[in-house]
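Thanks for coming. Please have a look at the structure on the screen before I start.

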Amino acid sequence: MVEADHEDGGYDRNKELKLLDETKAGVKGLVDAGLTKLPKIFVHDNHKVNVSSPSSSSSATNVSIPVIDLGSLHEEGNSRHEIVQKVKDAGEKWGFFQVVNHEIPQSVLDEMLDGVRKFHEHGVRKFHEQDAEVKREFYSRDITKRVFYNTNFNFSTSEVNWRDTLYCLLAPGPLDPHQLPSICRDVIIEYLNHLKKLALTLLELLSEALGLEGNYLKDIDCAEGIFMVGNYYPPCPQPELTWGLSSHTDLGFVTILLQDQVGGLQVFHENQWFDITPFPGAFIINVGDMMQLITNDKFMSAKHRVMAQKVGPRVSVSCSLRQHVQNECGRMYGPIKELVTKENPPIYKEMKMSDLVKLVYTTKLDYDET
(Lines give C-alpha, C1' and ligand atoms only; values in the text may rest on other atoms or scores of the structure.)
Protein backbone atom coordinates (compact mmCIF):
# COMPACT_ATOMS: atom_id res chain seq x y z
CA MET A 1 0.00 0.00 0.00
CA VAL A 2 1.23 3.48 -0.90
CA GLU A 3 1.74 6.04 1.87
CA ALA A 4 -1.05 8.43 0.91
CA ASP A 5 -1.00 12.19 1.24
CA HIS A 6 -3.54 13.05 3.96
CA GLU A 7 -4.73 16.02 1.90
CA ASP A 8 -4.93 14.17 -1.42
CA GLY A 9 -8.15 15.18 -3.17
CA GLY A 10 -8.01 12.15 -5.50
CA TYR A 11 -8.21 9.67 -2.64
CA ASP A 12 -10.31 6.55 -3.39
CA ARG A 13 -11.20 4.93 -0.07
CA ASN A 14 -12.66 1.73 -1.51
CA LYS A 15 -9.58 1.19 -3.66
CA GLU A 16 -7.25 1.65 -0.70
CA LEU A 17 -9.32 -0.75 1.42
CA LYS A 18 -9.20 -3.34 -1.36
CA LEU A 19 -5.43 -3.00 -1.67
CA LEU A 20 -4.94 -3.49 2.05
CA ASP A 21 -7.30 -6.46 2.16
CA GLU A 22 -5.62 -8.18 -0.78
CA THR A 23 -2.27 -8.23 1.00
CA LYS A 24 -3.82 -10.44 3.72
CA ALA A 25 -1.00 -9.15 5.92
CA GLY A 26 -3.01 -6.63 7.92
CA VAL A 27 -1.62 -3.64 9.78
CA LYS A 28 1.41 -5.64 10.84
CA GLY A 29 2.28 -6.07 7.18
CA LEU A 30 2.42 -2.28 6.80
CA VAL A 31 4.72 -1.99 9.80
CA ASP A 32 6.97 -4.77 8.52
CA ALA A 33 7.20 -2.93 5.20
CA GLY A 34 8.71 0.08 7.00
CA LEU A 35 5.69 2.40 6.90
CA THR A 36 6.45 5.84 8.35
CA LYS A 37 3.27 7.73 7.38
CA LEU A 38 -0.31 6.55 7.83
CA PRO A 39 -2.35 5.73 4.72
CA LYS A 40 -5.40 7.97 4.63
CA ILE A 41 -7.82 5.12 5.33
CA PHE A 42 -6.46 5.10 8.90
CA VAL A 43 -6.70 8.86 9.47
CA HIS A 44 -9.75 9.84 11.52
CA ASP A 45 -10.79 13.42 10.84
CA ASN A 46 -12.27 13.96 14.29
CA HIS A 47 -9.41 12.31 16.17
CA LYS A 48 -7.52 15.48 17.15
CA VAL A 49 -10.73 17.21 18.22
CA ASN A 50 -11.75 14.28 20.41
CA VAL A 51 -8.35 13.86 22.02
CA SER A 52 -7.94 17.53 22.85
CA SER A 53 -11.45 18.19 24.15
CA PRO A 54 -11.88 18.75 27.92
CA SER A 55 -13.97 15.62 28.35
CA SER A 56 -11.65 13.35 26.36
CA SER A 57 -9.46 12.15 29.20
CA SER A 58 -9.44 12.23 32.95
CA SER A 59 -7.17 14.42 35.02
CA ALA A 60 -8.44 12.68 38.17
CA THR A 61 -5.57 10.22 38.43
CA ASN A 62 -6.84 8.91 41.76
CA VAL A 63 -10.06 7.62 40.16
CA SER A 64 -10.08 4.16 38.56
CA ILE A 65 -12.47 1.32 37.81
CA PRO A 66 -13.27 -0.90 40.81
CA VAL A 67 -10.90 -3.78 41.60
CA ILE A 68 -12.66 -6.80 43.13
CA ASP A 69 -10.70 -9.48 44.99
CA LEU A 70 -12.29 -12.91 44.49
CA GLY A 71 -9.87 -14.60 46.89
CA SER A 72 -12.30 -14.61 49.82
CA LEU A 73 -15.34 -15.64 47.77
CA HIS A 74 -15.79 -19.01 49.47
CA GLU A 75 -14.76 -18.01 52.99
CA GLU A 76 -17.23 -18.01 55.85
CA GLY A 77 -18.82 -14.79 57.01
CA ASN A 78 -19.89 -11.82 54.92
CA SER A 79 -17.16 -12.04 52.27
CA ARG A 80 -19.44 -13.24 49.47
CA HIS A 81 -22.10 -10.67 50.30
CA GLU A 82 -19.48 -7.92 50.20
CA ILE A 83 -18.16 -9.11 46.83
CA VAL A 84 -21.68 -9.27 45.39
CA GLN A 85 -22.31 -5.70 46.57
CA LYS A 86 -19.10 -4.52 44.88
CA VAL A 87 -20.15 -6.25 41.65
CA LYS A 88 -23.57 -4.60 41.88
CA ASP A 89 -22.07 -1.15 42.39
CA ALA A 90 -19.57 -1.62 39.54
CA GLY A 91 -22.22 -2.92 37.13
CA GLU A 92 -24.57 -0.03 37.87
CA LYS A 93 -22.06 2.83 38.04
CA TRP A 94 -19.22 1.85 35.70
CA GLY A 95 -20.15 -1.21 33.65
CA PHE A 96 -16.49 -2.13 34.21
CA PHE A 97 -14.41 -3.70 36.97
CA GLN A 98 -11.21 -5.71 37.41
CA VAL A 99 -10.95 -9.04 39.21
CA VAL A 100 -7.88 -10.40 40.99
CA ASN A 101 -7.22 -13.69 42.80
CA HIS A 102 -9.44 -15.48 40.28
CA GLU A 103 -7.59 -18.82 40.58
CA ILE A 104 -6.28 -18.86 36.99
CA PRO A 105 -2.50 -19.34 37.21
CA GLN A 106 -0.31 -16.46 36.04
CA SER A 107 1.58 -18.91 33.83
CA VAL A 108 -1.62 -19.60 31.85
CA LEU A 109 -2.25 -15.87 31.39
CA ASP A 110 1.32 -15.28 30.22
CA GLU A 111 1.20 -18.20 27.80
CA MET A 112 -2.11 -17.00 26.36
CA LEU A 113 -0.79 -13.53 25.59
CA ASP A 114 2.37 -15.15 24.26
CA GLY A 115 0.28 -17.41 22.06
CA VAL A 116 -1.26 -14.37 20.41
CA ARG A 117 1.94 -12.37 20.12
CA LYS A 118 5.46 -13.52 20.90
CA PHE A 119 8.16 -15.94 19.79
CA HIS A 120 8.05 -19.51 21.02
CA GLU A 121 11.06 -20.55 23.10
CA HIS A 122 12.15 -22.86 20.30
CA GLY A 123 12.16 -20.02 17.78
CA VAL A 124 8.73 -20.53 16.18
CA ARG A 125 6.75 -17.27 15.83
CA LYS A 126 3.37 -17.09 17.52
CA PHE A 127 0.26 -16.21 15.61
CA HIS A 128 0.47 -12.50 14.78
CA GLU A 129 4.24 -12.46 14.55
CA GLN A 130 4.64 -15.55 12.43
CA ASP A 131 5.38 -15.27 8.72
CA ALA A 132 2.66 -13.54 6.69
CA GLU A 133 2.38 -16.53 4.36
CA VAL A 134 1.34 -18.77 7.25
CA LYS A 135 -1.25 -16.28 8.56
CA ARG A 136 -2.82 -15.84 5.11
CA GLU A 137 -4.29 -19.33 5.43
CA PHE A 138 -6.62 -17.93 8.12
CA TYR A 139 -7.34 -14.53 6.53
CA SER A 140 -11.04 -14.22 5.76
CA ARG A 141 -14.10 -11.98 5.94
CA ASP A 142 -16.46 -14.95 6.14
CA ILE A 143 -18.03 -14.43 9.57
CA THR A 144 -19.63 -17.90 9.51
CA LYS A 145 -16.20 -19.49 10.05
CA ARG A 146 -15.35 -20.58 13.57
CA VAL A 147 -11.76 -19.41 13.25
CA PHE A 148 -10.47 -16.57 11.07
CA TYR A 149 -8.10 -13.62 11.05
CA ASN A 150 -8.28 -10.19 9.44
CA THR A 151 -7.78 -6.51 10.02
CA ASN A 152 -10.87 -4.49 11.05
CA PHE A 153 -13.78 -6.91 10.60
CA ASN A 154 -16.13 -4.08 9.52
CA PHE A 155 -13.75 -1.76 7.72
CA SER A 156 -15.98 -1.23 4.70
CA THR A 157 -18.68 0.36 6.89
CA SER A 158 -16.76 1.88 9.82
CA GLU A 159 -13.55 3.66 10.75
CA VAL A 160 -10.36 1.70 10.05
CA ASN A 161 -8.32 1.17 13.19
CA TRP A 162 -4.68 0.27 13.82
CA ARG A 163 -5.01 -3.41 14.75
CA ASP A 164 -5.19 -6.99 13.47
CA THR A 165 -7.38 -9.68 15.00
CA LEU A 166 -7.64 -13.45 15.37
CA TYR A 167 -11.27 -14.57 15.95
CA CYS A 168 -12.22 -17.92 17.47
CA LEU A 169 -15.74 -19.12 18.27
CA LEU A 170 -14.85 -21.44 21.16
CA ALA A 171 -18.40 -22.33 22.22
CA PRO A 172 -21.11 -23.56 21.80
CA GLY A 173 -20.81 -26.89 20.07
CA PRO A 174 -17.81 -29.18 19.82
CA LEU A 175 -14.69 -27.31 18.76
CA ASP A 176 -12.39 -29.19 16.41
CA PRO A 177 -8.91 -28.32 17.76
CA HIS A 178 -7.47 -28.62 14.28
CA GLN A 179 -9.42 -25.53 13.24
CA LEU A 180 -7.25 -23.49 15.59
CA PRO A 181 -3.82 -22.25 14.45
CA SER A 182 -1.32 -24.95 15.43
CA ILE A 183 1.04 -22.34 16.85
CA CYS A 184 -1.34 -21.37 19.68
CA ARG A 185 -3.75 -24.33 19.70
CA ASP A 186 -2.75 -25.97 22.97
CA VAL A 187 -2.68 -22.78 25.02
CA ILE A 188 -6.11 -21.65 23.72
CA ILE A 189 -7.65 -24.98 24.76
CA GLU A 190 -6.06 -24.80 28.22
CA TYR A 191 -7.09 -21.16 28.64
CA LEU A 192 -10.68 -21.99 27.64
CA ASN A 193 -10.94 -24.66 30.35
CA HIS A 194 -9.95 -22.13 33.01
CA LEU A 195 -12.05 -19.33 31.52
CA LYS A 196 -15.28 -21.33 31.59
CA LYS A 197 -15.01 -21.66 35.37
CA LEU A 198 -14.38 -17.93 35.81
CA ALA A 199 -17.31 -17.12 33.50
CA LEU A 200 -19.71 -19.17 35.64
CA THR A 201 -18.42 -17.51 38.81
CA LEU A 202 -18.98 -14.06 37.32
CA LEU A 203 -22.51 -14.95 36.17
CA GLU A 204 -23.33 -16.21 39.68
CA LEU A 205 -22.15 -12.95 41.21
CA LEU A 206 -24.04 -10.87 38.64
CA SER A 207 -27.20 -12.95 39.20
CA GLU A 208 -27.02 -12.40 42.95
CA ALA A 209 -26.24 -8.72 42.43
CA LEU A 210 -29.56 -8.48 40.55
CA GLY A 211 -31.41 -10.12 43.45
CA LEU A 212 -31.86 -13.38 41.52
CA GLU A 213 -30.88 -16.98 42.24
CA GLY A 214 -27.19 -17.62 41.64
CA ASN A 215 -27.80 -19.93 38.66
CA TYR A 216 -30.26 -17.59 36.91
CA LEU A 217 -28.00 -16.16 34.20
CA LYS A 218 -26.38 -19.56 33.59
CA ASP A 219 -29.79 -21.18 33.26
CA ILE A 220 -30.84 -18.75 30.52
CA ASP A 221 -27.68 -19.70 28.58
CA CYS A 222 -25.63 -16.54 29.11
CA ALA A 223 -22.48 -18.71 29.25
CA GLU A 224 -23.45 -20.88 26.29
CA GLY A 225 -21.37 -18.94 23.76
CA ILE A 226 -17.73 -17.83 24.03
CA PHE A 227 -16.29 -15.69 21.23
CA MET A 228 -12.54 -15.05 21.58
CA VAL A 229 -10.85 -12.06 19.97
CA GLY A 230 -7.05 -11.88 19.98
CA ASN A 231 -6.14 -8.26 19.16
CA TYR A 232 -2.67 -7.15 18.08
CA TYR A 233 -1.90 -3.41 18.02
CA PRO A 234 1.49 -2.77 16.35
CA PRO A 235 3.49 0.38 17.11
CA CYS A 236 1.92 3.26 15.17
CA PRO A 237 4.09 5.87 13.37
CA GLN A 238 1.45 8.63 13.80
CA PRO A 239 -0.76 7.68 16.77
CA GLU A 240 -2.18 11.20 16.99
CA LEU A 241 -4.09 10.59 13.75
CA THR A 242 -5.85 7.30 14.43
CA TRP A 243 -7.21 4.86 17.01
CA GLY A 244 -6.13 1.43 18.05
CA LEU A 245 -9.86 0.84 18.45
CA SER A 246 -12.55 3.52 18.17
CA SER A 247 -15.11 4.20 20.88
CA HIS A 248 -17.56 1.29 21.08
CA THR A 249 -19.57 -1.00 23.33
CA ASP A 250 -19.43 -4.80 23.40
CA LEU A 251 -22.49 -6.65 22.20
CA GLY A 252 -22.47 -9.78 24.39
CA PHE A 253 -23.53 -10.45 27.96
CA VAL A 254 -20.13 -10.11 29.62
CA THR A 255 -16.59 -9.59 28.29
CA ILE A 256 -13.57 -11.06 30.07
CA LEU A 257 -10.47 -9.21 28.92
CA LEU A 258 -6.84 -10.16 29.43
CA GLN A 259 -4.36 -7.46 28.40
CA ASP A 260 -0.60 -7.01 28.57
CA GLN A 261 1.18 -4.16 30.36
CA VAL A 262 1.41 -1.71 27.42
CA GLY A 263 -1.82 0.13 28.29
CA GLY A 264 -3.99 2.35 26.11
CA LEU A 265 -7.47 1.10 27.09
CA GLN A 266 -9.89 3.82 28.24
CA VAL A 267 -13.48 3.75 29.55
CA PHE A 268 -16.07 6.54 29.28
CA HIS A 269 -17.57 7.38 32.66
CA GLU A 270 -19.53 10.47 33.75
CA ASN A 271 -18.65 12.31 30.54
CA GLN A 272 -14.91 11.66 30.90
CA TRP A 273 -12.41 9.17 29.50
CA PHE A 274 -10.46 7.28 32.15
CA ASP A 275 -7.31 5.25 31.58
CA ILE A 276 -7.53 1.62 32.70
CA THR A 277 -4.07 1.03 34.07
CA PRO A 278 -2.85 -2.54 33.46
CA PHE A 279 -2.78 -4.54 36.68
CA PRO A 280 -0.59 -7.69 36.59
CA GLY A 281 -2.66 -10.86 36.85
CA ALA A 282 -6.02 -9.07 36.64
CA PHE A 283 -8.90 -9.56 34.25
CA ILE A 284 -10.98 -6.60 33.11
CA ILE A 285 -14.70 -7.43 33.17
CA ASN A 286 -17.29 -5.35 31.38
CA VAL A 287 -21.03 -5.52 30.91
CA GLY A 288 -22.16 -5.98 27.31
CA ASP A 289 -25.21 -4.71 25.46
CA MET A 290 -27.20 -7.92 25.86
CA MET A 291 -26.69 -7.75 29.64
CA GLN A 292 -27.94 -4.16 29.60
CA LEU A 293 -30.96 -5.36 27.61
CA ILE A 294 -31.93 -8.27 29.87
CA THR A 295 -31.38 -6.22 33.04
CA ASN A 296 -33.53 -3.41 31.62
CA ASP A 297 -30.70 -0.87 32.12
CA LYS A 298 -29.93 -2.04 35.67
CA PHE A 299 -26.38 -2.81 34.48
CA MET A 300 -24.93 -0.48 31.87
CA SER A 301 -22.75 -1.28 28.86
CA ALA A 302 -20.08 1.44 28.84
CA LYS A 303 -18.22 2.88 25.88
CA HIS A 304 -14.51 2.20 25.74
CA ARG A 305 -11.65 2.62 23.27
CA VAL A 306 -7.97 1.86 22.73
CA MET A 307 -5.42 4.56 21.95
CA ALA A 308 -2.91 4.01 19.15
CA GLN A 309 0.62 4.31 20.47
CA LYS A 310 4.21 4.53 19.26
CA VAL A 311 5.17 1.84 21.75
CA GLY A 312 4.10 -1.74 21.40
CA PRO A 313 2.85 -4.04 20.22
CA ARG A 314 -0.12 -4.08 22.61
CA VAL A 315 -1.83 -7.46 22.88
CA SER A 316 -5.21 -8.32 24.38
CA VAL A 317 -7.39 -11.43 24.50
CA SER A 318 -11.09 -10.68 24.80
CA CYS A 319 -13.61 -13.43 25.49
CA SER A 320 -17.21 -12.33 25.08
CA LEU A 321 -19.98 -14.48 26.52
CA ARG A 322 -22.22 -14.51 23.48
CA GLN A 323 -23.43 -16.55 20.53
CA HIS A 324 -22.32 -15.81 16.98
CA VAL A 325 -24.14 -15.97 13.64
CA GLN A 326 -24.18 -19.78 13.51
CA ASN A 327 -26.96 -20.14 16.10
CA GLU A 328 -30.02 -19.33 13.96
CA CYS A 329 -32.43 -21.05 16.36
CA GLY A 330 -31.16 -19.36 19.49
CA ARG A 331 -33.14 -18.14 22.45
CA MET A 332 -35.05 -14.85 22.38
CA TYR A 333 -33.82 -12.38 25.00
CA GLY A 334 -35.74 -9.53 26.54
CA PRO A 335 -35.84 -7.78 29.93
CA ILE A 336 -35.91 -10.31 32.79
CA LYS A 337 -39.47 -10.47 34.12
CA GLU A 338 -38.36 -10.37 37.76
CA LEU A 339 -36.70 -6.99 37.11
CA VAL A 340 -39.73 -5.42 35.42
CA THR A 341 -42.44 -3.54 37.35
CA LYS A 342 -45.11 -0.95 36.61
CA GLU A 343 -42.64 1.71 37.72
CA ASN A 344 -39.86 0.09 35.68
CA PRO A 345 -41.53 -1.21 32.49
CA PRO A 346 -39.61 -3.04 29.73
CA ILE A 347 -37.37 -0.71 27.73
CA TYR A 348 -36.34 -3.22 25.05
CA LYS A 349 -38.04 -5.68 22.73
CA GLU A 350 -37.00 -9.33 22.61
CA MET A 351 -34.31 -10.34 20.11
CA LYS A 352 -31.88 -13.14 19.30
CA MET A 353 -28.19 -12.76 19.97
CA SER A 354 -27.39 -13.94 16.44
CA ASP A 355 -29.60 -11.22 14.92
CA LEU A 356 -27.71 -8.53 16.81
CA VAL A 357 -24.38 -9.98 15.67
CA LYS A 358 -25.46 -9.96 12.02
CA LEU A 359 -26.63 -6.37 12.32
CA VAL A 360 -23.29 -5.33 13.77
CA TYR A 361 -21.31 -7.02 10.99
CA THR A 362 -23.28 -5.34 8.24
CA THR A 363 -24.04 -1.87 9.61
CA LYS A 364 -22.06 1.15 10.76
CA LEU A 365 -22.59 0.83 14.49
CA ASP A 366 -20.77 1.68 17.69
CA TYR A 367 -19.76 -1.93 18.33
CA ASP A 368 -16.56 -3.95 18.45
CA GLU A 369 -14.51 -6.01 20.85
CA THR A 370 -11.48 -4.74 22.69
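Predicted model: local features only at pLDDT ≥ 70, side-chain atom pairs only at ≥ 80, totals over all residues.

Residues are numbered from 1 along each chain as its sequence is written, and side-chain values use heavy atoms, with hydrogens and water left out.

A word on naming: helices (H or I, at least four residues) and strands (E, at least two) are DSSP runs, numbered from the N terminus.

Let me begin with helix 4, residues 79–93. Its 15 residues reach 21 Å from the first C-alpha to the last. That is close to the 21 Å expected at 1.5 Å a residue, where the expected span is 1.5 Å times one less than the number of residues.

Which residues of helix 4 are buried? They are Ser79, Ile83, Val84, Val87, Ala90 and Gly91. Viewed down the axis of helix 4, these buried residues fall within an arc of 130°, so they line one face of the helix. The arc is taken from the directions from the helix axis to the C-beta atoms. Buried here means under 20% relative accessible area, exposed means over 50%, and partly exposed is in between, with a 1.4 Å probe and protein chains only.

What do the buried residues of helix 4 pack against? Their partners are strand 1 (67–69), strand 2 (96–100), helix 7 (185–209) and strand 10 (283–287), with contact meaning heavy atoms within 4.5 Å. On the face of helix 4 turned away from the buried side sit the exposed residues His81 and Lys93. After helix 4 comes Gly95, with a positive phi near 75°.

Next, the cis peptide bonds. One joins Ala171 and Pro172, with omega about 10°. Pro172 is in the loop between strand 4 (164–171) and helix 7, and helix 7 is also one of the elements that the buried residues of helix 4 pack against. Another cis bond runs from Gly312 to Pro313, with omega near 10°. Pro313 lies in the loop between strand 11 (304–307) and strand 12 (314–321).

Last, positive phi in residues other than glycine. Lys24 has phi near 55° and is found in the loop between helix 1 (13–23) and helix 2 (26–32). Lys24 is partly exposed, at a relative accessible area of 35%. For Glu270, phi is near 50°. Glu270 is in the loop between strand 8 (265–269) and strand 9 (272–275), and is exposed, at 65% relative accessible area.
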